[in-house]
Amino acid sequence: MGSWAHRIYACLSSVRLTVALLALAVVLVFWGTMAQVTQGLYKAQNDFFRSFFVYWQPAWSAWRVPIFPGGYLLGWLMVANLLAAHFRYYQPSRRKIGIVLIHSGILVLLVGQLLTDLLAVESQLHLRHGETKNYSEASREFELAIVDTTTPERDTVVAISQHRLARGGDVEIATLPFTVRIREYLPNSSLTDRPTEGYRPIPATTGFGTGLWWRRLPLETDPDRRDVPSAVVELVTREGSLGRYVVSGYFTRPHELTHDGRTYRMELRQTRYYKPFFITLLEFRHDRYPGTEIPKNFSSRIRIVRPATGEDREVLIYMNNPLRYFGETYYQASFDPDDQGTVLQVVRNPSWLAPYFGCVIVTVGMMIQFGQHLTGWLARRRPA
Amino acid sequence: MNRMVRIVPWLIVSVFALEVLVALRPRRDGEWWMTEFGRLPVLLNGRVQPLDSVGRNSLLQMRSTSDVPLENVPGWQFWRHPPKLRATEWLAEVFFRPDRADERPIFLIHHPELLSALNLQDRGVERSGLRYFTYQELRPVLGTVFEQARQAARLKDPQRTPYQKQVLKLANAVGLYEQLKNSVQPETTRDLYRLLEDYRAAIPAGVAAARASTSGNAADDDALRKLSDLARQFDRVARMARPMIIPPADPVDKDAWRNLGEAALEALQTGTIHPAVEWYAHMASAYVAGDAARFNRAVGDYRAWLAERFPQQKAKGRAEHYFNQIKLFLRATILYIAAFVLAVGAFVTWGAAANVSEALRRAAFYLVVLALTVHTAGLVFRMMLEGRPPVTNLYSSAIFIGWGTCVFGLFLERAYRVGLGSAVAGLAGFVTLLIAHNLALGGDTMEMLRAVLDTNFWLATHVVVITLGYSATFVAGGLALAYVALGVFTNLLRWPVGQQREVSLGDALTKMVYGVVCFATLFSFTGTVLGGIWADQSWGRFWGWDPKENGALMIVLWNALILHARWGGLVRARGLMNLAIFGNIITAFSWFGTNMLGIGLHSYGFMDAAFHWLMAFNASQLAFIALGLLPLRWWRSFRPTPPAAEPARAPQPQLSPL
């Protein structure tokens, strides 16, 4: 027992493991990069780097066989290896400062990246010229939103995430007088208004869209395209059903319904992140170099209004110059083809400073370490 | 004897230095002021550049050379210099005498399938196995070319067949040529100044007639028709012209350049013709009439006018013209290959003739210093022209990687004077500049930077540091190649080197490779993380697993692997060398391979023909690794030999400090 633990410890702290992990990492990165050509950036990234194993799925079966360590596994093993080795070999000495710094910086980088993966939330804020919004939208996530619009001053929003929709079953929400029963959910779908090969009628009974046809589509692999889900949900009260509604990411207007003297809007929309302030697009600029189509500059002049504090100011966001505000960062990401609207990437990443610290620590460590080598070598070369 | 060792290298290097100095002389104009004409500033690709650059970059895109030979001399008769049209002279001909320019062999087509599809196999001019065609020769097949190109254009680049890529390239070249032909005057015009005078004379009556007809009054139809016929000629130029050759009316509005047609049409509103239009018209008419004095007067007057209103742009045109003319990178390329040859010579003669070897080694070292000076001058000149840090695109990355490699090589040569540093520097400098030369065939190498790259801070930090990381990794790989080659085929690794002859060459190389890998790790790591921070600033994520990022990460991981394997005692000298050679493959993938994948945020264009070269390079590196894996007893340097054959008394050339 004791000898086993000892052997594992010896292995975990060995430099052989370090070299093996580095070699595996090189292979993984190369493989994952090549896979992007066929699978797209997004899927390859999830399959190779944001997973514990790389799986192989034979075409004829549903089994997935792990065939190679994934990014998470290698990352954790590297952290373990690094800590174990330092614990085992550490002797306080001035000559080791460099090595200790390098490795603690790498630890900061690895842990920071892991936290980013876990905690970072990305969304987008699309604004037409003059438009004001107090929310940003996830680009790939959808939610079923049911909005109580009875009182004109205030909307009450209830949202059901797409993950919950995918599980099916009944969703009971205390503030709603009915239960949402998920009849069918297609994570990626195609809709049509006439009978078409491969499509089947949507089993909806109420609201618009009852005569439509749909089919399930495979999940997208092209990073430039995204999945558009659709679902049929039934609203059920104790007295009975209020009807089956079809909701879809393709629809641009919500269902309107009235129950028990209250009015509701219901739609499947991109997940929204509400903010305690309002952003208005004052001006979007897309400058090109004279006589060419090469973009010289994109910039969005926006106005931020935060009622709680009375803050009201203008900000200019442009390439390489994001706005950091309220724990989030706003980047100039894209724009409408007619140059009349802007798309800002909104990132909430609590660990965004980790790479800055990690980089400085490692670089200083390397300079100390290699500086020692260099001065030692130069001193030895000097004629006695 | 010692004197020879000291003097001969200086003699060799001064011959080369003299050649460089001669090339630096400004060129004098003959009867026609073509140099002055080539310096005139115009706006193209979003930047002010001299006409010479327009001609040069266009020719590079069409013909892959920067001038047009007028006689067909077989390639092996390298001592014969046939008369040739320089880029500016050719451009003047295209502008002013397109009928003559149509007879010049300027379209390079080398794809056999394309040649046979267009039925051109036995036409054109052949030189060194390449076929060049004139516009006249291509004219009958242009319909086919454009039709095929339209089909190819509908596909995304990775889906195109090599044939389609070539046909698209040819169509672009022809399109570019047709634009140039109509950049100053409609290509059928033979006297632009007359045309302009007629146009000027027709404006008052014609404009009055147009006003009258719109307000419903009786109009002079003849006057109107005359003006619209003339205006149509300039409209053709306005729509087709490529460079914008007429400077802004107001020097403050410095982006408002127009092409000649647009500027001439403005006269319909303003009633006056921009003076630059008149000077260009004079040049055109004088050129056709063979009147050099009038041509020179127009160029001179326009130059004086520019000096007063656009001094900066005029100076830019002049400076870039000089930069084009002196071809510093070409000179550096020649110097590097010469240095490499001398350094190899030093090795070959090391045992046999110690003094010759030492003389050659020194000559190689001096030449690398000279080459690096020329290379640095070119780099700095380019940075000043662009107003940018050294690396802005793939082309300049090749130039900078070469530069970094040579700096590392020189340091190593200073440390262990055995000629290896010079050899690595010479070879790397030569190869990288050759790569840069081929990348320049894509067009303007000083193109404007897209918005995301438009930040000198990150270009100066991330890009420079990461490129130095590439350089260092290549240097380590290059030294490792030398180790394997010398170790397997010669016994030189055993020979003592250093000031006190205290280490064997093999050990010295091991130390060098180790030290360089340390630097490579430092630079590639710092550069990669800086890149991450830049991405965090501009795209909102530190790391996105983009191919170029992954490539950089692989270099960092690989260098870290080499260091850990060495520290852990898992590899010794030979293993270290094999790992370092594999580093070459990884770096080449990161530098070029990732751009070929055509995906991700970093794929701002380029690259494709280089794929075969990359594969050939990888194969050669793997061959060296295989060689390095041979059992040590098969290595000549490590073969047990009877003590008598040991180089107990190594040849002792005079090794005074430089």
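**Domains, cores and chain contact in a predicted model**

The C-alpha centres of domain 1 and domain 3 of chain B are 38 Å apart in this predicted model. The domain assignment of chain B places domain 1 at residues 49-181, domain 2 at 192-319 and domain 3 at 452-639.

The largest nonpolar core contains 162 residues. Within this core, the residues with the most contacts are Ala339(B), Leu367(B), Leu479(B), Val513(B) and Val516(B). The greatest contribution to the core is made by helix α20 of chain B (residues 456-489), which supplies 18 residues. When residues up to four places away in sequence are not counted, Ala339(B) touches Ala364(B), Leu367(B), Val368(B), Ala371(B), Ser422(B) and Gly426(B). In soluble globular proteins, nonpolar side chains tend to be buried together.

The contact between the chains involves 47 residues from chain A and 49 residues from chain B. On the side of chain A that touches chain B, two or more residues each are given by the helices α2 (15-39), α3 (41-49), α5 (97-119) and α7 (354-381), and by the strands β15 (295-306), β18 (328-335) and β19 (341-348), of chain A. The largest share of this side comes from α2(A), with 14 residues. By residue class, the side of chain A that touches chain B is made up of 29 nonpolar, 15 polar and three charged residues.

Terms used: Residues numbered from 1 in each chain as written. Chains lettered and ligands numbered in written order. Predicted model: local features only at pLDDT ≥ 70, side-chain atom pairs only at ≥ 80, totals over all residues. Contact = placed C-beta atoms within 7 Å. Helix = DSSP H or I, 4+ residues; strand = E, 2+ residues; numbered from the N terminus. Nonpolar A, V, L, I, M, F, W, Y, C, P; charged D, E, K, R; others polar. Domains from an automatic or database assignment. Core = buried A, V, L, I, M, F, W, Y, C linked by C-beta atoms within 7 Å. Buried ≥ 20, exposed ≤ 12 C-beta atoms within 10 Å, placed from the backbone.
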